Amino acid sequence: MEDKTKKYILPENEIPSKWYNINPDLPKPMAPPCNPQTGKPLTPEELEVIFPRSIIEQEISMQNYIDIPPELIDIYRMWRPTPLVRAERLEQMLDTPAKIFFKNESVSPAGSHKPNTAVAQAYYNKKDGTGRLTTETGAGQWGCALSFAGALIGIPVTVYMVKVSYEQKPYRKMMMHAYGGKVHPSPSKLTDAGRAMLAQDPDCPGSLGLAISEAVEEAVKSGGEAKYSLGSVLNHVILHQTIVGLETKNQFEKMGITPDILIGCVGGGSNFGGFVFPFIPEKIKGKNIRMIAVEPASCPTLTKGEFTFDYGDTAKMAPIVQMYTLGHDFMPPSIHAGGLRYHGMAPQVSMLYHEGLIEAVAYPQNPCFEAAMMFAKAEGIIPAPESSHAIKCAIDEALKCRKTGEKKVIAFNLSGHGHFDMTAYEKYMEGKLTDYEYPKELIKESLKKLPKVDI
Ligand SMILES: *Cc1c(COP(=O)(O)O)cnc(C)c1O
């Protein structure tokens, strides 16, 4: 019989027509996001200063499925549906009876899962009359995705890029320029937050928290012309990313296979959430399926953080939400998976972990790069350092099957490729990458500064 399990590419007309919204299926209702100044629940009017109305509606929606507009499906067609690939050569290399699959999100024009939400956010902003989008970027992946989306939808994009990355990773910056994005190194002289920091320390290398503050400030001060856009963490971002898991579910059904373990790396939680959330309803009904979130040992939000209320950013301008956090001013050691260095975790992912529906593990960066190199040699794709965390976990689970003889079906989300991260690979190959210990003292200090909420 013909083996249909090698690779499953859905036909173009099978791009999902709706996103999956997990809110109504969560075991407990979510705590409301709170105003960072007053600690009181935010009103939709307050949120409208930085987000357009249709995005806020999605953020708080209790509808189980939300229609994807046909214009957006037309854009998704540029890279979707993405392939679900059997990593047979990796299985052979590991000599495992397990079947390993990966969902390949690296095939998008910007090279990661991020355009799935970038084009949706640009679309709804344009529809609601936003004149311009502001955002921040750390390593540059989100800035590229939103600049790409802005070019397609016809909305200008301004990106505040953390200054060290701006200087050390010029190719991501050039890619944003190629899409027509405007890029400022952060701290910049364009905002109060940036100027205040430069007055204190003219050589400040910048941070993601500060770049968020600058982007939010620009939107707030524009008098409604510009709105702010975030690439992870929030409910509407994961909603858009569920297109990944919905396709995966369909692909497995077409192959007649049920996955036993689903794995994704977590920074803010959007690629993991998008990949696994569509499988949560059956998990709640008692189906035996494990879902594992993989984080860096240097920024262990789920495995070592606290489930509490905290600010979304360092400068305390973003809403306070209930989530796992290491403290809003926790500065994770500099690792090469820049996209995983966030102090918090998506509230929806946090809730599922707190309720025991998903698992989490943390790995240091060297073993992740080792796994990435194995994957590259076996399957030909050089993964993003972020994605290598998911690969490491998939390999570990496959090796457990080698011991027990179990033929488990393991699937991971390949969130992006690493073509702009070759310096990190070079450092790994030269043996110059450091594995940071879990910074217990730093986290303890940072967790002393949690805000009070009034709900
Ligand atoms: C941004 C990014 C991540 C981390 O963000 P999540 O919101 O946790 O998905 C992971 N992988 C890649 C390739 C990224 O660009």
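The C-alpha centres of domain 1 and domain 2 lie 24 Å apart, the domain bounds being taken from an automatic or database domain assignment. The model is predicted, and local features are therefore reported only at pLDDT of at least 70 and side-chain atom pairs only at pLDDT 80 or more, whereas totals for chains, interfaces and linings use all residues. Residues are numbered from 1 along each chain as its sequence is written, and side-chain values use heavy atoms, with hydrogens and water left out.

Both domains are assembled from separate stretches of the chain. Domain 1 comprises 7–14, 82–111 and 243–449, while domain 2 comprises 41–69 and 112–228.

Where the two domains meet, 25 residues of domain 1 are in contact with 23 residues of domain 2; contact here means heavy atoms within 4.5 Å. The area buried between them is about 1,900 Å², and carbon and sulfur atoms give 65% of that area. Buried area is the accessible area (1.4 Å probe) that two parts lose on being put together, summed over both. A110, M317 and F420 supply 31% of what domain 1 buries against domain 2, more than any other three residues.

The interface has zero salt bridges by the rule applied, which requires a side-chain nitrogen of Lys or Arg within 4 Å of a carboxyl oxygen of Asp or Glu. On the side of domain 1 that touches domain 2, α11 (235–255) and α12 (270–276) each supply at least two residues, and α11 gives the most, with three residues. Helices are DSSP runs (H or I, at least four residues), strands likewise (E, at least two), numbered from the N terminus.

The ligand has 18 residues around it, of which K114, S232, G267, S270 and S415 come nearest; a residue is near if one of its heavy atoms lies within 4 Å. A polar side-chain atom of S232 lies 2.4 Å from a ligand oxygen atom, and a polar side-chain atom of H113 lies 3.2 Å from an oxygen atom of the ligand. G267 instead places a polar backbone atom 2.7 Å from a ligand oxygen atom.

Across the whole structure, 27 salt bridges are found. In one of them, E14 pairs with K254, the closest N and O atoms being 2.4 Å apart. This pair links distant parts of the chain, 240 residues apart: E14 is in the loop between β1 (7–8) and β2 (18–20), and K254 is in helix α11.

Technical notes
A polar contact is a pair of N or O atoms within 3.5 Å; within protein, one must be able to donate a hydrogen and the other to accept it, and residues adjacent in sequence count only if both atoms are side-chain atoms.
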